[in-house]
Amino acid sequence: MSKANNQADVEALLAKCMGRKVKIPDLLALCPWDVEISPWDGNMEREVEFWRSRWIKDPTSLKRNRVIDPCLFARSAAPRATFEGQLIVAKWAAWTFYWDDAHDFGEFDNRPEEVIAHRDETIEIFRQSLYNEHPRSVNPTEISPRYLTAQSVHEWGAVVGENCVSPSLKDWLFKVFSDTCIAISRVQQEFEANSILDLDTYRKMRMDSSGSLTTLACVLYADMVAFPDWFFDHELVRKAADLTDIIIWVINDIASQCKHVDNYVPLLVYHKGLTPQEAIDEAARVAHQAYLDFEALEPQLIQLGETRSCAHEIQRFIASCKFECSGIINWHYQVKRYVPWMPGTGRDSLYVVLGEELPSV
């Protein structure tokens with residue numbers, strides 16, 4: 001792994017990117033699967049707001065969490081799920097941004113021991129929430145007395161633990177959730193070390209830190225499909241999930257306007273000698289290639305379903321991968337955290353100034 005552990009190198013890289021006006025490609029054109037969004041649901045909005053009122057005490061954190069609109073996230077990523085299934089996806093989205101933002105906005109700066117403790121306690125609460133014989137009996141404050149961000153995972157994790165109809169999905173959910181927490185904590189460590197990661201290391205870490213696989217697992221939980229024991233260990237299933245992940249994390253990095261060096265765009269600038277615009281265009285090609293690779297993989301997945309007598313499960317898996325991608329890409333346009341797009345305007349002539357905050361964030 002190649003690192004440039006020098007503040008001057010980091011500042012020089014950011015200076016090449018910050019303040020530059022760039023064109024954001026039409027993100028939905030990079031992955032042109034159909035967008036389907038279920039109707040607005042006041043009950044879901046109230047349930048998520050109740051969750052926030054119990055766990056998010058800081059007004060600034062509360063505002064940020066409302067901006068990301070977890071219910072729209074769920075209605076976009078799992079548009080055909082039941083109310084109960086969508087509510088889990090919405091609470092996962094609300095929770096993961098709450099947990100991740102604690103790292104992004106300085107709550108753990110220069111506190112490496114607490115980063116690790118927070119991570120490990122969160123994973124342990126989620127493990128017990130999934131696997132305890134009586135998940136709702138788990139007391140998260142006994143496991144993590146200091147961190148509301150950790151405790152709050154139990155509320156929705158216990159529901160999944162009680163109601164998941166697929167043991168193989170539960171096991172995969174726990175794995176990818178743990179990987180997400182570990183990777184986000186590592187991002188914090190690398191950021192504080194002024195590291196400029198090499199591209200391979202960053203891509204591997206971003207596959208986990210994006211949370212896209214955990215989102216997919218939650219969407220599949222919402223589908224209430226009993227997957228075979230072997231399903232999530234199969235090479236084709238894993239490849240399809242990884243391609244879904246690539247589409248989402250790369251597009252998220254494009255839309256996030258690279259305020260720090262833990263983003264694909266400035267790393268492409270640094271390692272490949274590209275301009276910021278060229279780096280965005282290169283990232284767009286990576287996302288689109290992942291879409292093309294998924295399309296090429298789909299017939300093999302369908303054949304797998306036919307030969308292993310799980311055609312329904314494969315079809316639901318494929319549909320969920322596609323809905324997650326198209327729904328979350330569209331969600332990026334709708335929330336006031338990413339690109340400054342306005343409804344009724346085109347997506348193919350959208351310009352941003354890198355590093356600028358959107359007014360409502």
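How many residues of the lining of the largest cavity are nonpolar, how many polar and how many charged? The legend to view D gives the count.

The views show a predicted model, in which local features need pLDDT of at least 70, side-chain atom pairs count only at pLDDT 80 or more, and totals for chains, interfaces and linings use all residues. Residues are numbered from 1 along each chain as its sequence is written, and side-chain values use heavy atoms, with hydrogens and water left out.

**View A. Helix α13 and its surroundings.** Helix α13 covers residues 212–223; helices (H or I, at least four residues) are DSSP runs numbered from the N terminus. Its 12 residues reach 17 Å from first to last C-alpha, close to the expected 16 Å, where the expected span is 1.5 Å times one less than the number of residues. Of the 12 residues of α13, 12 are buried, meaning under 20% relative accessible area (1.4 Å probe, protein chains only). Among them are Ser212, Cys218, Tyr221 and Asp223. The cover over the buried residues of α13 includes α5 (70–77), α6 (83–104), α10 (153–163), α11 (167–192), α14 (235–255) and α17 (311–334). Just after α13, methionine 224 has a positive phi of about 55°.

**View B. The largest pocket.** A pocket is an open set of points, on a 1 Å grid over the protein atoms alone, with protein on both sides within 12 Å along at least five of seven lines; lining residues have an atom within 4 Å of a point. The volume of the largest pocket is about 1,000 Å³, a volume being the space filled by probe spheres set on the points, which are joined across faces, edges and corners. Its lining has 42 residues, of which Asp100, Asp104, Asn252, Ser256 and Arg337 are the closest to the centre. At least two lining residues come from each of α6, α11, α12 (199–209), α13, α14 and α17, and α6 gives the most, with 6. By class, the lining of the largest pocket has 17 nonpolar, 14 polar and 11 charged residues. Ala, Val, Leu, Ile, Met, Phe, Trp, Tyr, Cys and Pro count as nonpolar, Asp, Glu, Lys and Arg as charged, and the others, Gly among them, as polar.

**View C. The second largest pocket.** This pocket has a volume of about 210 Å³. Trp172, Lys175, Leu213, Arg238 and Asp242 lie nearest its centre, out of 13 lining residues. Two or more lining residues come from each of α11, α12 and α14. The lining of the second largest pocket divides into 7 nonpolar and 6 charged residues, with no polar ones.

**View D. The largest cavity.** A cavity is a set of grid points where a 1.4 Å probe fits but cannot get out. The structure holds 4 cavities of 30 Å³ or more, and the volume of the largest is about 70 Å³. Val187, Glu190, Phe191, Ser195, Ile196, Leu197, Met205, Val261 and Asp262 line the largest cavity. Helix α11 gives the most to this lining, with 3 residues. The lining of the largest cavity has 6 nonpolar, 1 polar and 2 charged residues.

**View E. The second largest cavity.** The second largest cavity holds about 50 Å³ of space. It is lined by Ile56, Ser61, Arg64, Asn65, Phe97, Tyr98, Asp101, Ala102 and Glu107. Helices α4 (59–67) and α6 are the elements that give two or more residues to the lining of the second largest cavity; α6 gives the most, with 4. The residues of this lining divide into 4 nonpolar, 2 polar and 3 charged.

Key
Buried means under 20% relative accessible area, exposed over 50%, partly exposed in between (1.4 Å probe, protein chains only). Contact means heavy atoms within 4.5 Å.
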